[in-house]
Structures are given as structure tokens and as C-alpha cells.
Amino acid sequence: MTVYELIQKRRTIRRFQQKSVPKDLLERCVNAARIGPSGANLQPLEYIVVSEPEQCQQVFPHTAWAGYLPDWSPGPEERPMAYIFILVNREVRANAPMDVGIAAENITLVALAEGVGSCIIGSLDHDALRKVLAVPKDCDISLMVALGYPAEQPQMVGMTGDSIKYYRDEDGTLQVPKRALADVLHWEQYSDDSKV
Ligand SMILES: Cc1cc2nc3c(=O)[nH]c(=O)nc-3n(C[C@H](O)[C@H](O)[C@H](O)COP(=O)(O)O)c2cc1C
């Protein structure tokens, strides 16, 4: 599969099979994040991988899921089997949101290439997780990627109207609206001068 095909195939997964994710794959995910692009090559990111069942149980309550699906979060039989936390070491750089985003995408794609689905999670209880993960003072938790073999197959759909909210259809399949290419791609200039 080409990288383009993998990117088209990737959808956020929020329901997971209860089957462990191999540690060597988790390590390769972090390695792919480690060697990714970094502004000024400062490389301020560090990672905490959680894969032991007891530690997974400690993490889950401090994560928030699917804001557009009211009152839903993964049930006990569909929770992630591993988590990769992306930390920013403030001693190296105060804030590195772009490095973090690139790292998260590298993790998702390396995992998906081996059949493992993921959900990037930004809604985290930072104070609680700092304690669970023993994060030192000079590091901030930025994003987390939850991982596991998929137990759902969300689909990408074109947007109808203005809503970007994902939803479950009558079969329970998650439908994820995407803006049309023609609405976001501008060749050479955004618009002719008369509209600026
Ligand atoms: C920076 C960032 C933060 C996100 N935070 C959450 C989150 O806290 N909880 C969640 O369920 N999904 C979260 N997501 C997943 C998005 O909801 C998802 O990417 C979006 O709905 C599009 O779906 P797709 O990834 O299948 O294209 C986040 C994604 C990104 C990039």
C-alpha cells in the first residue's frame, strides 16, 4: 500500500479488539515519531508508552472521547490496548505544537500499516495524568495516541451542508464528513484580485 493509500484508509478508531499490540510495533511508532521533522531540529519531544493492562486502566478514566457523540465513550470491552503520550520537554522548547502533530501522524500511520488503529486524544485530564505517568516538572503532556486493533470501520463521507460533526448512521457505522477538495485547494492564488 502506498503512503497515499494508507492516508486515505486511515480513520480515527474508538472501538478496539481486546488483543495486545506488540511492544516492538509500539517502539517502531515512537521511533518514527522521533526521527520525524522538527522545527530548528530542536527535537523537544519525549514519549511515554503505556501497554500494561493495569496502567491502561489507570489512564483511561482521564481521557475524553468523541465529543460529537453525546454520552458515549468506549465500553470496557472496546477500550484501547495501548497509549503513546507525546510530551514536550520545556527545557528544549517551550511549545512545539507542529512537531507534536507530525509525531502523532507518524505514529498513526506506522501503526495502521500493521493493522493497528488509533485515536489521537487532546482532551486529557493533564493534572491526573501527570501523576499516573510520573511526568517530571519540565515536561508537558501535549497529545496522546490511543491504539489497538480496530473493532469498527468508520467511513469518510462528503459534507452535506455545513456540518463537520461525525455521526453514527442507522447501522451504527461512524460517518466522518470531510470538506470537498475543490473547497480547500487553490492553485497559484487563493482568488482573483476582485475578491481580496
Ligand atoms: C489534535 C487532535 C486532537 C483530538 N482529540 C480528540 C479527543 O480528545 N477525543 C477524540 O475522541 N478524538 C479526538 N481527535 C480525533 C478527531 O476527532 C478526528 O481526527 C476527526 O473527527 C476526524 O476523523 P478522522 O481522524 O477519522 O479523519 C483529535 C484529533 C486531533 C488531530
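1. Let's start with a strand pair: β2 (residues 82-89) and β4 run antiparallel, with eight bridges joining them. Within this pairing, phenylalanine 85 sits across from methionine 144 of β4. Keep in mind as you look around that this is a predicted model.

2. β4 has another partner to look at. Five bridges link β3 to β4, and the sense is again antiparallel. Here the residue facing valine 145 in β4 is isoleucine 120. As background, strands in a sheet pair through backbone hydrogen bonds, in either a parallel or an antiparallel sense.

3. Is β4 mostly covered or mostly open? Strand β4 spans residues 139-148 and is mostly covered. Of its 10 residues, eight are buried.

4. Now zoom out to the domains. The assignment for the protein chain gives domain 1 as 3-153 and domain 2 as 154-196. Their C-alpha centres are 25 Å apart. Where the two meet, six residues of domain 1 are in contact with nine residues of domain 2. The domain 1 side of that contact is made of two nonpolar, two polar and two charged residues.

5. On to the ligand. Where does it lie relative to the domains? The ligand lies between domain 1 (3-153) and domain 2 (154-196), because both of them give residues to the shell around it.

6. Which residues come closest to the ligand? The shell holds 15 residues, and the closest are Arg11, Thr12, Ile120, Gly122 and Ser123. Strand β3 (residues 117-121) supplies three residues, the largest share of the shell.

7. What is the shell like by residue class? It divides into 10 nonpolar residues, three polar ones and two charged ones.

8. There is also an open sheet of three strands, ordered β5-β7-β6, with mixed pairing. Its edges are β5 (155-158) and β6 (167-168); each has a single partner strand, so one side of each is left without a neighbour in the sheet.

9. β5 and β7 (residues 174-178) pair in the parallel sense, over four bridges. Methionine 156 stands opposite valine 176 of β7.

Notes. Residues numbered from 1 in each chain as written. Predicted model: local features only at pLDDT ≥ 70, side-chain atom pairs only at ≥ 80, totals over all residues. Pairing = 2+ DSSP bridges. Helix = DSSP H or I, 4+ residues; strand = E, 2+ residues; numbered from the N terminus. Domains from an automatic or database assignment. Contact = placed C-beta atoms within 7 Å. Nonpolar A, V, L, I, M, F, W, Y, C, P; charged D, E, K, R; others polar. Near = placed C-beta within 6 Å. Buried ≥ 20, exposed ≤ 12 C-beta atoms within 10 Å, placed from the backbone.
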